[in-house]
Amino acid sequence: MRFYTKQHDFYCGIDLHTNKMYLCILNREGEIVLHRNIRTNPETFLRVLEPFREDIVVCAECMFSWYWLADLCADEGIPFVLGHALYMRAIHGGKSKNDKIDSHKIAALLKGGLIPMAYVYPRKMRATRDLMRRRNHLMRKRAELLAHIQNTASQYNLQLPLGRIAKAKNRENLLERFDDPAVQMSVAANLDMIDTYDQVLAVLEQEIIKSAKEHDSTAYALLKTIPGVGRIIALNLLYEIEDIDRFPRVQDFASYCRLVKCAKESNGKKYGTAGRKIGNAHLRWAFSEAAQLFLKGNERGQRYLQKITSKHGKGKGLSILAHKLGRAVYFMLKNRQGFDMNRFLAA
């Protein structure tokens with residue numbers, strides 16, 4: 001975890017909401033020079049900050065509505081710090097909690113160099129990253145509809161399996177498999193929604209791929225050299241990582257991807273692990289999927305998994321493989337080199 005430790009004349013902590021924002025500004029001595037609740041409006045915010053603009057830093061917690069504030073500070077040349085919500089226990093653990101108290105605590109943590117920093121994702125790729133996340137959300141909804149059809153077949157004990165109905169050609173004459181008209185209507189509703197999702201997803205994927213080639217075509221091509229990694233996982237990795245240079249070490253990258261467990265230790269005694277929800281859930285999903293797809297038709301990869309499975313078990317073996325793929329991606333992007341199976345298995 002990184003902390004913001006630069007010194008300034010003034011420190012502005014903001015408890016940010018969609019319609020109101022509570023500002024607390026401290027000077028070098030820690031005295032409150034401004035403590036006010038204002039409307040969430042760029043003009044109002046800049047007007048309030050005007051007397052302190054010469055040397056001030058602004059900090060807000062990483063919640064839903066920070067995009068506009070980060071962009072505004074970047075345009076105005078004001079240093080902006082995004083506080084990591086899960087690490088800011090001093091705010092969430094207080095006996096009393098309100099916007100006024102929270103803004104003062106953020107400013108005090110900022111002045112003391114104790115603000116845990118979250119990554120301020122740059123504006124250039126942020127909208128496409130959010131579009132990719134939306135695409136994944138819609139795909140999960142589509143999967144729920146397919147699962148409901150399969151569950152309906154199980155409810156009525158159809159003797160022949162429905163097969164891979166995720167593919168459109170395997171959904172032909174599907175309604176005829178059910179006798180009850182009400183069941184047919186239920187399945188037909190699911191099929192209509194699936195067809196709609198397919199059309200929407202196709203458009204979204206084309207737009208995201210087009211943007212990926214404009215943002216970083218080299219990294220996108222490198223990621224697709226990994227066996228089993230296709231366009232969707234490569235896009236997820238590309239937009240969730242954004243810039244590999246923001247991770248000084250491969251250990252930092254693996255931790256951010258939730259590929260390692262963090263031990264809790266005190267006085268030489270271990271108390272299990274913690275921090276499972278700290279990191280990027282989308283990268284964790286991408287590497288877990290990549291580990292499964294890496295094995296498909298890959299005899300060398302399957303032999304490698306059998307080797308580590310015999311020692312650690314299947315579940316942990318797949319986790320080790322996902323971690324190994326994460327390390328490989330880190331060095332691939334750092335060195336701008338494609339995937340090398342010989343180096344991967346020899347390491």
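What follows are my notes on the overall chain, its cores, its salt bridges, one surface patch and one record entry.

**Entry 1: ground rules.** I am working with a predicted model, where local features need pLDDT of at least 70 and side-chain atom pairs count only at pLDDT 80 or more, while totals for chains, interfaces and linings use all residues. Residues are numbered from 1 along each chain as its sequence is written, and side-chain values use heavy atoms, with hydrogens and water left out.

**Entry 2: the whole chain.** I looked up the extent of the C-alpha trace and found about 75 × 55 × 45 Å along its principal axes. The secondary structure comes to twelve helices and seven strands; these are DSSP runs numbered from the N terminus, helices being H or I with at least four residues and strands E with at least two. Of the 347 residues, 41% count as buried. Buried means under 20% relative accessible area, exposed over 50%, and partly exposed in between, with a 1.4 Å probe and protein chains only. I also noted contacts (heavy atoms within 4.5 Å). Among those with a separation of 6 or more, 61% are between residues 24 or more positions apart.

**Entry 3: the cores.** Which residues touch the most other members of the largest nonpolar core? I found Ile241, Phe253, Phe287, Phe294, Leu325 and Phe339, out of 47 residues in this core. Helices H5 (123-155), H6 (181-223), H7 (231-241), H8 (250-256), H9 (281-294), H10 (299-312), H11 (314-335) and H12 (341-346) each supply at least two of its residues. H11 gives the most, with nine residues. A nonpolar core here is a set of buried Ala, Val, Leu, Ile, Met, Phe, Trp, Tyr and Cys residues joined through side-chain atoms within 4.5 Å.
I then followed Ile241, which touches Arg246, Phe247, Phe253, Leu283, Val329 and Leu333, leaving out residues up to four places away in sequence. Apart from this core lies another, of 25 residues, including Met21, Ile25, Phe52 and Ile78.

**Entry 4: salt bridges.** I searched the whole structure and got 16 salt bridges, each a side-chain nitrogen of Lys or Arg within 4 Å of a carboxyl oxygen of Asp or Glu. In the pair Arg142 and Asp198, the closest N and O atoms are 2.6 Å apart. This pair links distant parts of the chain, with Arg142 in helix H5 and Asp198 in helix H6, 56 residues apart. Are its two residues buried or partly exposed? Arg142 is buried at 9% relative accessibility, and Asp198 is partly exposed at 26%.
Asp102 pairs with Lys97 at 2.8 Å between the closest N and O atoms, and Asp102 is buried at 1%. For Asp252 and Arg249 the figure is 3.2 Å; Asp252 is partly exposed at 26%, as is Arg249 at 45%. Salt bridges with shared partners join Asp71, Asp75, Arg123 and Arg126 into one network.

**Entry 5: a surface patch.** I noted that Met1, Phe3, Tyr87 and Leu114 make a nonpolar surface patch of about 400 Å². Phe3 lies in the segment before strand E1 (10-16) and is partly exposed, with a relative accessible area of 42%.

**Entry 6: the record.** I checked UniProt, whose unreviewed entry places "domain: Transposase IS116/IS110/IS902 C-terminal" at residues 221-304; such annotations may be inferred rather than shown by experiment. Over residues 221-304 the chain is 49% helix and 13% strand, and the end C-alpha atoms are 25 Å apart.

Technical notes
Patches are made of residues with over 30% relative accessible area and no salt bridge: like charges are joined within 9 Å, nonpolar side chains (Val, Leu, Ile, Met, Phe, Trp, Tyr) within 5 Å. Accessible areas come from the Shrake-Rupley method with a 1.4 Å probe; for residues, only the protein chains shown count as cover.
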